[in-house]
2 protein chains.
Amino acid sequence: MMDEASRKKVLRMVPYGLYLVGVRRREVKDVAKDLNVFVGSWLTQVSFKPPMLVAGFRRDAHSLEMVKESGVFTVNVLGSDQKDLAARFFKDVPVTDKEMAGVPYVRGAHTGAPVLPDTPAHVECEVVHVYEGENDHAVVVAKVVAWEHRREAKPLTHAETGWHYAG
Amino acid sequence: MMDEASRKKVLRMVPYGLYLVGVRRREVKDVAKDLNVFVGSWLTQVSFKPPMLVAGFRRDAHSLEMVKESGVFTVNVLGSDQKDLAARFFKDVPVTDKEMAGVPYVRGAHTGAPVLPDTPAHVECEVVHVYEGENDHAVVVAKVVAWEHRREAKPLTHAETGWHYAG
């Protein structure tokens, strides 16, 4: 039967990870206003050479404006033991010079967007294309220009958290 | 260290499912030439309202030409017990009026692209945007216009198969 409930069931079969996505304004004068980190899930690689990925950014969110302005973002990959860390970033994120939501951060060397060293790995990305049609999340295509793998970890996924962002 | 090996490690932390992606030419005269199914992984939802997704299609593959010509494709979601079924579609796929790679198929009611009823669920999609920049896989943005959830199943993922298509 082609109803909404069955569509949700189908689309929730797609596995998703959970990421802390770091964004910045072009000019960072006041870190509290000009940097942000949010929890994202909609992400897939779309190229090996050069390495590129696609991420979905909510059209109604401030972070998308920041990404379009600065042309950069980071993806901090959460480990399977970091559900609580993820949850800190569901709300408004307080930012000081050294911490976001109470978690240490640095500015990525290549993009200046927030990197969270407590996570096992991250990539820094440069935007090459943004598509906004009828979709309620912008399709952001980006090149992976820098990365760091800090430690082995299983990724945090929807399946483990019981959180769902699909359907 | 920012070498290729560490980039692979980071990008392989992103979880992926495995899908049988069904494509067709605009006109289907000879099913053996005008329909195809291949194994895909790079997929994410990018909109709730309307439901939309993004899929990566190899630029050097015939299937991308078919999708660009017909503007439609299907995504058949594999169950965790269907690794062998997936493997049948890694090579050239023989197509008869009723079977592809020896597996029964039908033509999707909304798109005419191949649907494999042995899989637990599928969606039919209409392409709204294709981005081909430096990326070696085209970014195909599509609306989900039809779907069927046939049975409950855990999805087949890279983690379970030991196959990797990321990095």
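**Helices on the sheet**

Analyst: Happy to. Helix α3 (residues 62-70) of chain A lies across β1 (19-24), β2, β4, β5, β10 and β11 of chain A, and its direction makes about 55° with β1(A). Keep in mind that this is a predicted model.

User: Which helix of chain B packs on the sheet?

Analyst: Helix α1 (residues 4-11) of chain B does, touching β3, β5, β10 and β11 of chain A. The angle between the directions of α1 of chain B and β11(A) is about 135°.

User: Nice. What's the strand order in the open sheet of chain A?

Analyst: The order is β2-β1-β5-β10-β11-β4-β3, 7 strands with antiparallel pairing. At the edges sit β2 (35-40) and β3 of chain A, each of which pairs on one side only. From one strand to the next, the twist averages 35°.

User: How many bridges join β10(A) to β11(A)?

Analyst: There are 10, with β11 covering residues 137-149 of chain A. A:His129, for instance, has A:Val141 in β11(A) as its bridge partner. A hairpin of 5 residues links β10(A) to β11(A).

User: And what about β5 with β10 in chain A?

Analyst: β5 (residues 72-77) and β10 (residues 121-131) of chain A run antiparallel and are joined by 6 bridges. A:Val75 stands opposite A:Val123 there. Over at β3(A) and β4(A), the pairing is antiparallel over 4 bridges, and A:Leu43 has A:Ala55 in β4(A) as its bridge partner.

User: Switching topic: how are chain A and chain B related?

Analyst: A rotation of 180° with 0.0 Å of shift along the axis puts chain A on chain B, at an RMSD of 0.0 Å. The two copies are thus related as by a two-fold rotation axis.

User: Which surface does each copy use for the contact?

Analyst: The copies meet through the same surface, because 100% of the interface residues of chain A are interface residues in chain B too. Chain A puts 44 residues into the contact, and chain B puts in 44 residues. On the side of chain A that touches chain B, β11(A) gives the most, with 6 residues. By class, that side of chain A has 26 nonpolar, 13 polar and 5 charged residues.

User: Which residues touch the most other members in the largest nonpolar core?

Analyst: Of its 88 residues, those are A:Val54, A:Ala55, A:Val140, B:Val54, B:Ala55 and B:Val140. Leaving out residues up to four places away in sequence, A:Val140 touches A:Val54, A:Ala55, A:Phe57, A:Val67, A:Val127 and A:Val130. In soluble globular proteins, nonpolar side chains tend to be buried together.

User: Over to chain B. Why would you call β1(B) largely enclosed?

Analyst: Because 6 of the 6 residues of β1 (residues 19-24) of chain B are buried. Both faces are covered: B:Tyr19, B:Val21 and B:Val23 are buried on one side, and B:Leu20, B:Gly22 and B:Arg24 on the other.

User: Last one: is B:Phe90 buried or exposed?

Analyst: B:Phe90 is exposed, with 11 other C-beta atoms within 10 Å, and the cut-off for exposed is 12 or fewer. B:Phe90 sits in the loop between α4 (83-87) and β6 (99-100) of chain B. From B:Phe90 to B:Val37 the C-alpha separation is 9.2 Å, although they are 53 residues apart in sequence.

Note on methods:
Residues are numbered from 1 along each chain as its sequence is written. Chains are lettered from A and ligands numbered from 1 in the order in which they are written. This is a predicted model: local features need pLDDT of at least 70, side-chain atom pairs count only at pLDDT 80 or more; totals for chains, interfaces and linings use all residues. Two strands pair if DSSP finds at least two bridges between them. Helices (H or I, at least four residues) and strands (E, at least two) are DSSP runs, numbered from the N terminus. Copies are superposed by least squares on the C-alpha atoms of residues with pLDDT of at least 70 in both. Two residues are in contact if their C-beta atoms, placed from the backbone, lie within 7 Å. Ala, Val, Leu, Ile, Met, Phe, Trp, Tyr, Cys and Pro count as nonpolar, Asp, Glu, Lys and Arg as charged, and the others, Gly among them, as polar. A residue is buried if 20 or more other C-beta atoms lie within 10 Å of its own, exposed if 12 or fewer, and partly exposed in between; C-beta atoms are placed from the backbone. A nonpolar core is a set of buried Ala, Val, Leu, Ile, Met, Phe, Trp, Tyr and Cys residues joined through C-beta atoms within 7 Å. Axes are lines fitted to C-alpha atoms, for helices over the stretch in contact, and angles run from 0 to 180 degrees between N-to-C directions.
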